[in-house]
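Here is a short report on one protein chain. Keep the structure in view as you read.

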Amino acid sequence: MTETRFRGGEIMGIRIPTVFEENDAIRCAGCGEHIDGMPFRVSLMDIMAPEAPPSWAIGAPINPGPHQFHADGDHFRAWARRRGYLFCRLSDVRELMRPVPIPGDEARWGVCDGLHPEAHELVPA
Ligand SMILES: [Zn+2]
Ligand SMILES: [Zn+2]
């Protein structure tokens, strides 16, 4: 596969952009760096609140993903932090996370793996 090693340049006077990096490289949604090997994929579940979802939730959809990260959970948290999401202290970063709507004047979300019986303890990610 010589094409995949081609890093851009000129062929017969035609300028070829460096497409390899953008098309083939898997980038971490947290830090933006290239991921070697298998990315850690995180999906966000649909909101299944038993209560009627508050109307503001419609204006602030969460992209369910899957989003791809480095294996270190800090990269997921960096992604969440950039979006202003909170992170539940009782949660680990897992492949399936649940959004936790936080009522307030502004639409805010927390993310949690939902695997603990206690009330969420949401802190800045
Ligand atoms: Zn990363
Ligand atoms: Zn929680």
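What percentage of the 125 residues in the chain is buried? The answer is 22%. Keep in mind that this is a predicted model.

**The overall plan**

The chain holds three helices and eight strands. Along the sequence they follow the pattern β-β-α-β-α-β-α-β-β-β-β. Now take the contacts between residues at least 6 apart in sequence. Of these, 56% join residues at least 24 apart.

Strands of a sheet pair through backbone hydrogen bonds, either parallel or antiparallel.

| Strand pair | Sense | Bridges |
|---|---|---|
| S3 and S4 | antiparallel | three |
| S3 (residues 40-44) and S6 (residues 96-102) | parallel | two |
| S6 and S7 (residues 108-112) | antiparallel | five |

Individual residues show how these strands line up. Phe-40 has Phe-69 in S4 as its bridge partner. Val-42 stands opposite His-67 in S4. Next comes S6, where Met-97 is the bridge partner of Leu-44. On to S7: there, Cys-112 stands opposite Arg-98. How many residues does the hairpin that joins S6 to S7 run through? It runs through five residues.

H3 spans residues 73-82.

Which residues of H3 are buried? They are His-75, Phe-76, Trp-79 and Ala-80. Seen down the axis of H3, the buried residues fall within an arc of 140°, so they line one face of the helix. What covers them includes S3, S4 (67-69), S5 (86-88) and S7. After H3 comes Gly-84, whose phi is positive, near 80°.

**The nonpolar core**

In soluble globular proteins, nonpolar side chains tend to be buried together. In this chain, the largest nonpolar core has 20 residues. The residues with the most contacts inside it are Phe-69, Ala-80, Tyr-85, Phe-87 and Val-111. S3, H3, S5, S6 and S7 each supply at least two residues of this core.

Look at Phe-69 in particular. Which residues does Phe-69 touch, leaving aside its neighbours within four places in sequence? Its contacts include Phe-40 and Val-42. Phe-40 is also its bridge partner. Among the other contacts are His-75, Phe-76 and Trp-79, and these three are buried residues of H3. Cys-28, Ala-29, Gly-30 and Pro-39 complete the list.

Pro-101 is found in strand S6, and Pro-124 is found in strand S8. Is Pro-124 buried or exposed? Pro-124 has 10 C-beta neighbours inside 10 Å, so it counts as exposed. Pro-101 has 18 other C-beta atoms within 10 Å, so it is partly exposed.

Pro-124 and Arg-89 are 35 residues apart along the chain, and their C-alpha atoms are separated by 9.3 Å. Pro-101 and Leu-86 are 15 residues apart along the chain, with 9.9 Å between their C-alpha atoms. Leu-86 turns up again for Pro-124. Leaving aside neighbours within four places in sequence, Pro-124 is in contact with Arg-81 and Leu-86.

**Putting it together**

The buried residues of H3 line one face of the helix. Ala-80 of H3 is buried, and Ala-80 is also among the residues with the most contacts inside the largest nonpolar core.

Notes. Residues numbered from 1 in each chain as written. Chains lettered and ligands numbered in written order. Predicted model: local features only at pLDDT ≥ 70, side-chain atom pairs only at ≥ 80, totals over all residues. Pairing = 2+ DSSP bridges. Helix = DSSP H or I, 4+ residues; strand = E, 2+ residues; numbered from the N terminus. Buried ≥ 20, exposed ≤ 12 C-beta atoms within 10 Å, placed from the backbone. Contact = placed C-beta atoms within 7 Å. Arc of directions from axis to C-beta. Core = buried A, V, L, I, M, F, W, Y, C linked by C-beta atoms within 7 Å.
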